[in-house]
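Please find below a colleague's note on the structure that follows.

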Amino acid sequence: MNQSALIRPDWTPATIALMVLGFVVFWPLGLAMLAYIIFGDRLRNFKKDANDNLDGLFASCRSKFRGGRGPAFRSATGNVAFDDWRDAELARLDEERRKLDEMREQFDAYSRELRRAKDQEEFDRFMRERRAEGKGDVPGFPAT
């Protein structure tokens, strides 16, 4: 840590002044500054440990659920008929999701085309009104 920093977790005149000012203005600020002075050097290690633990947790979750259905969903229950039914249902749901995704893509394309046609119609109307007012053509735009 840079020991020449003005505000560092140590008993320096600046940190003491900030602590006293914090207590005068609003007591939780002074308490927070006191905690920073006492425990500030441990915060960096605490943050690093917390981040490492969360990274490990999420990495294990990602490895379990790769591809949508991981080993957690494929565990055998001991009942072969139920396991077969569950696998068939999951396959059916995957097919339904694929169909819904295709329909959404088609609708998005349809909506984009409608917006483009509406924008083109509004632009053409603007150009017709502009010509009717006698302002002439805009250079670079074709006359319609």
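1. How far apart are the end C-alpha atoms of helix α3, and what should its 53 residues span at 1.5 Å a residue? In this predicted model, the end C-alpha atoms of α3 (residues 80-132) are 78 Å apart. The expected span of a helix is 1.5 Å times one less than its number of residues, so the 53 residues should span 78 Å, and the two values agree.

2. Just after the helix, Gly-134 adopts a positive phi of about 90°.

3. Which residues of α3 are buried? They are Asp-83, Arg-86, Ser-111, Asp-124 and Met-127. For the chain as a whole, 12% of the 144 residues count as buried.

4. As to the overall arrangement, the chain contains 3 helices and 0 strands, and its elements follow the order α-α-α from the N terminus. Among contacts between residues at least 6 apart in sequence, 21% join residues at least 24 apart. The chain exposes about 11900 Å², of which carbon and sulfur atoms supply 61%.

5. The surface carries a nonpolar patch with about 1100 Å² of accessible area together; its members are Ile-7, Trp-11, Ile-16, Leu-18, Val-20, Leu-21, Val-24, Val-25, Phe-26, Leu-29, Ile-38 and Phe-39. The largest share, 6 residues, comes from α1.

6. Is Leu-21, a member of the patch, to be called buried, partly exposed or exposed? Leu-21 lies in helix α1 and has a relative accessible area of 49%. Buried means under 20% and exposed means over 50%, so Leu-21 is classed as partly exposed.

7. Ile-38 represents helix α2 among the patch residues. At 40% relative accessibility, Ile-38 likewise counts as partly exposed.

Methods:
Residues numbered from 1 in each chain as written. Predicted model: local features only at pLDDT ≥ 70, side-chain atom pairs only at ≥ 80, totals over all residues. Heavy atoms only, no water. Helix = DSSP H or I, 4+ residues; strand = E, 2+ residues; numbered from the N terminus. Buried < 20%, exposed > 50% of the residue type's maximum accessible area, 1.4 Å probe, protein only. Contact = heavy atoms within 4.5 Å. Areas by Shrake-Rupley, 256 points an atom, 1.4 Å probe, with all protein chains shown as cover. Patch = residues over 30% accessible without salt bridge, like charges linked within 9 Å, V, L, I, M, F, W, Y side chains within 5 Å. Salt bridge = Lys/Arg side-chain N within 4 Å of Asp/Glu carboxyl O.
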